[in-house]
Amino acid sequence: MGQITFDNVGKSYGKAEVLSGINLEIHEGEFVVLVGPSGCGKSTLLRMIAGLEDISKGRIIIDGKVANRIPAKQRGLAMVFQSYALYPHMKVADNMSFALRLAGASKKEIAEKVHHAADILGLTDYLDRLPRELSGGQRQRVAMGRAIVRDPEAFLFDEPLSNLDAKLRVRMRSEIKKLHQRLGKTMIYVTHDQTEAMTMADRIVVLNEGGIAQVGTPKELYLKPVSQFVASFIGSPEINILAAKTTGKTANHVVLEDGTQLPLAQPLDLPEGTAVTYGVRPQTIMLDPNGMPAEVVLVEPTGEVVEATLSFAGHDIVAVLPEDAALEPGDKVGLHIQAERTFVFDAQTGERLA
C-alpha cells in the first residue's frame with residue numbers, strides 16, 4: 001500500500017493562503033519529489049500528509065481512507081526531518097527502537113527490526129555508539145533507520161540532506177535511492193535542490209506560489225517544461241532567457257532588440273512583432289567559427305566540461321562546452337544554437353508556446 005491522493009487540497013493561516021487547489025495522485029511504491037523555491041509550500045504540504053498540519057480545504061486520501069481527521073500516529077507514515085533529532089544520551093540501537101518501545105513491542109521484535117534496518121543502512125557496527133560518535137551521514141542514516149523499523153506504508157523526507165556537505169549529499173542521495181529500490185515503499189521527498197530532484201525522482205512535482213506548476217518525470221520537465229518558471233527551475237546551469245520578438249507566422253526565427261536572429265524549432269503562429277521570451281539551455285549552445293559572434297567573459301572548468309559565460313547580442317549567456325575547449329576571457333568566438341531544443345514563452349504569462 002502507500003497510495004496518496006490530494007483532492008483540491010488547500011492550506012491557510014488566517015487570511016493568508018499558502019497552498020491552493022492541490023490535485024495529485026501518488027502511486028504505490030513511487031518516489032515523488034516536491035521541489036520549488038523557498039516559501040512555495042512544499043514542506044507545509046509534506047507536514048499535511050504526515051498529520052502535523054491541519055488541512056484547511058479539500059481531502060488527503062491515504063490508501064482509500066480520508067486522512068483529514070486521522071491522527072498522525074495512525075496514518076502508517078514515517079517522517080525523516082532535516083534535523084536528525086536523535087536523543088544524544090541514547091545509543092544508536094536505542095534511538096532506532098524508541099518508537100517500537102513506546103508502542104510496547106516485544107524485545108525479540110525490536111531486536112529483529114533494528115538489526116534488519118541496521119543491515120540495510122550499513123549501521124550494524126555502530127549500534128552501540130552514541131550520536132556524538134557518528135559522522136553527519138551516519139546520523140542521518142540512524143534517523144532513516146528509526147523510520148524503517150516502524151515498517152510504514154510510506155516515507156516522508158523533509159530536506160534530509162541539507163545539513164550535509166556537498167560530497168556527502170551526493171553519497172546519501174544514492175543511499176536513499178537504493179533504499180527505495182530495496183524496500184519498494186512509497187517515498188515523498190522535499191527539497192529545494194533541483195539536482196536532487198532530477199537524480200532521485202520517478203516523478204517531480206514543481207510547486208510555485210502555493211500551487212502545482214507542473215508534474216512529470218525528470219526528462220519530461222527538462223525537455224517539455226510548460227512554463228518559463230519550470231524551464232528556469234529545472235536544469236543546471238540555468239536556462240538562458242532572452243527577450244525577443246516574432247518576425248511573422250512563417251518565419252523560422254525570432255529577433256533580439258539589436259536585430260540578432262535566433263533560430264526556432266518551428267514557426268510560431270503569432271503576428272509579427274509579438275513580444276516573447278526565448279529560452280536556450282547552456283548544453284545546446286556549441287562553438288562554430290561561422291556562427292553568431294560572441295565574446296568570452298568568464299571560463300569555469302569543472303573537469304569534464306567547461307562552463308563559459310559569453311557576451312552575446314548585449315546579453316550574458318552561459319554555454320556548457322567540451323572539456324578541451326581552449327578559451328580565455330576576451331576571446332572572440334562564434335556560436336551555434338540547436339534550434340530543435342529551444343523554447344519560446346509568452347512574454348506576459350510565461351507559458352510555453354507551441
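Predicted model: local features only at pLDDT ≥ 70, side-chain atom pairs only at ≥ 80, totals over all residues.
1. Domain arrangement. The domain assignment divides the protein into domain 1 (4-233) and domain 2 (240-346). Eight residues from domain 1 and seven residues from domain 2 make up the contact. The C-alpha centres of domain 1 and domain 2 are 39 Å apart.

2. The area between the domains. The size of an interface is often expressed as the accessible area that is lost when the parts come together. Here, domain 1 and domain 2 bury about 650 Å² between them, and 53% of this lies on carbon and sulfur atoms. Of the area that domain 1 buries against domain 2, 74% comes from Tyr222, Gln228 and Ala231, more than from any other three residues.

3. Elements and polar links at the interface. On the side of domain 1 that touches domain 2, the elements giving two or more residues are α7 (218-223) and α8 (228-233). Between domain 1 and domain 2 there are four residue pairs in polar contact, whereas the count of salt bridges across this interface is zero.

4. A network of salt bridges. Side chains of opposite charge can pair when their charged atoms come close. The model holds eleven salt bridges. Lys11, Arg47 and Glu53 are linked in a network of them. Glu53 pairs with Lys11, with 3.6 Å between the closest N and O atoms. Glu53 lies in the loop between α1 (42-50) and β4 (57-62) and Lys11 in strand β1 (residues 4-13), so this pair ties together parts that are 42 residues apart in sequence. Glu53 also forms a salt bridge with Arg47, where the closest N and O atoms are again 3.6 Å apart.

5. Arg47 is partly exposed, with a relative accessible area of 28%.

6. Lys249 and Asp269 meet through their side chains in a salt bridge of 3.8 Å, N to O. Lys249 is in the loop between β11 (240-246) and β12 (253-255), and Asp269, 20 residues away, is in the loop between β13 (261-263) and β14 (275-280). Asp269 is exposed, at 62% relative accessible area.

7. Arg173 belongs to helix α5 (residues 166-183). Beyond its neighbours within four places in sequence, Arg173 is in contact with residues including Leu161, Glu196 and Met200.

Key: Residues numbered from 1 in each chain as written. Heavy atoms only, no water. Helix = DSSP H or I, 4+ residues; strand = E, 2+ residues; numbered from the N terminus. Contact = heavy atoms within 4.5 Å. Domains from an automatic or database assignment. Buried area = accessible area lost by both parts, 1.4 Å probe. Salt bridge = Lys/Arg side-chain N within 4 Å of Asp/Glu carboxyl O. Polar contact = N/O pair within 3.5 Å; in protein donor to acceptor, adjacent residues only side chain to side chain. Buried < 20%, exposed > 50% of the residue type's maximum accessible area, 1.4 Å probe, protein only.
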